[in-house]
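Thanks for coming, everyone. I have one structure to walk through today, so please look at the screen.

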Amino acid sequence: MYQYFLCLLVLVSCGNGKVAKNEPVNTPFEVTNILMPDTTINSKFILENYKSIENYFTANSNFKLIERLRSSPVVVFSNVDNTEYLLAYQYEGNTKNAFSCFEIGRFIDVKEISKTSVVDAKVKDFVTESGLSLEQSIEDVKRIKGSGFTETTESMEKIITYTIQDTQSNFLKRYSMPSYFLRITFDKTQKSKKIIFGFDYP
């Protein structure tokens, strides 16, 4: 009886040791679903950081806020050849020149933007710090940001959305914001035509 109990104890111990030894710290599924949020475009524009704008423009720049183009007032920037736009969303209560959301897109898709109200950002194209830009495929995006997204279709165009909604997230706590999102729209050729990322309105 004692020998039987001893053998059983050894088997259980070995089994537990095997699980502990082989259990990875981060499984591939977990890695692909942890979103590293983008907060910067071309090192010039940084979410919730008014000083980043002042580093490239004058500290007292009075950018024209465009109303009713989006749900919040926006400042419109363009790349050097006026093919891409950057909308910087100013939420109610934001510090001057501090923006809570960015949208990158193509001027050809937004006829309602007047070129007279556009600020030249003096960049060739708009690129986030992780390498997101327009004209990328879904596979390009998955390679950069992982596969932890939801997918929808709107007007025959595919939209993928990444979110951070965990109230315990250190990232969200740092900015005192309720949630973060990254939404990418793809055209009929399956290339990215619009990238929106930032914080949901609190």
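Before we start: when I say that two residues touch, or are in contact, I mean heavy atoms within 4.5 Å. Keep in mind that this is a predicted model.

Leaving out residues up to four places away in sequence, T95 touches Y50 and Q90. T95 sits in the loop between β4 and β5. Is T95 buried, exposed or partly exposed? Its relative accessible area is 47%, so T95 counts as partly exposed; exposed would need over 50%. Now look across to N49. T95 and N49 are 46 residues apart in sequence, yet their C-alpha atoms are 8.8 Å apart in space.

Now the overall picture. The protein has five helices and ten strands. There are 202 residues, and 43% of them count as buried. Take the contacts between residues at least 6 apart in sequence: 55% of those join residues at least 24 apart.

Next, strand β5, residues 101-106. Six of its six residues are buried. In general, side chains in a regular strand alternate between the two faces of the sheet. Here, C101, E103 and G105 point one way, while F102, I104 and R106 point the other. What does β5 pair with? One partner is β4, residues 84-89, antiparallel, joined by six bridges. L86 has I104 as its bridge partner there. β10, residues 192-199, also pairs with β5 in the antiparallel sense, over five bridges. On that side, I104 stands opposite I195.

Which residues does F102 touch? Not counting residues up to four places away in sequence, its contacts include F45, L86, Y89, I195 and F197.

That brings us to the core. Nonpolar side chains tend to be buried together in soluble globular proteins. The largest nonpolar core here has 35 residues. F102 is among those with the most contacts inside it, along with F45, F77, F126 and Y180. Several elements give two or more residues to this core, including β5, α4 and α5. β9 gives the most, with four residues. There is also a second, separate core of 15 residues, and I66, V74, F107 and V118 are in it.

Over to β8. Why call β8 largely enclosed by the rest of the structure? Because six of its eight residues are buried. β7, residues 150-154, pairs with β8 in the antiparallel sense over five bridges. E151 stands opposite I160 in that pairing. The hairpin of β7 and β8 has two residues between the strands, and S155 takes a positive phi near 50°. β8 also pairs with β9, again antiparallel, over seven bridges. There, I164 has Y180 as its bridge partner.

Last stop, the largest pocket. Its volume is about 250 Å³. How many residues line it? The answer is 13, with E154, E157, I159, T185 and K194 nearest its centre. β8, β9 and β10 each give two or more residues to the lining. β10 gives the most, with three. By type, the lining divides into seven charged, four nonpolar and two polar residues.

That's the tour. Happy to go back to any part of it.

How values were computed
Residues are numbered from 1 along each chain as its sequence is written. This is a predicted model: local features need pLDDT of at least 70, side-chain atom pairs count only at pLDDT 80 or more; totals for chains, interfaces and linings use all residues. Side-chain values use heavy atoms; hydrogens and water are left out. Buried means under 20% relative accessible area, exposed over 50%, partly exposed in between (1.4 Å probe, protein chains only). Two strands pair if DSSP finds at least two bridges between them. On a 1 Å grid over the protein atoms alone, a cavity is a set of points where a 1.4 Å probe fits but cannot get out, and a pocket is an open set with protein on both sides within 12 Å along at least five of seven lines; lining residues have an atom within 4 Å of a point. Grid points are joined across faces, edges and corners, and a volume is the space filled by probe spheres set on the points. Ala, Val, Leu, Ile, Met, Phe, Trp, Tyr, Cys and Pro count as nonpolar, Asp, Glu, Lys and Arg as charged, and the others, Gly among them, as polar. A nonpolar core is a set of buried Ala, Val, Leu, Ile, Met, Phe, Trp, Tyr and Cys residues joined through side-chain atoms within 4.5 Å.
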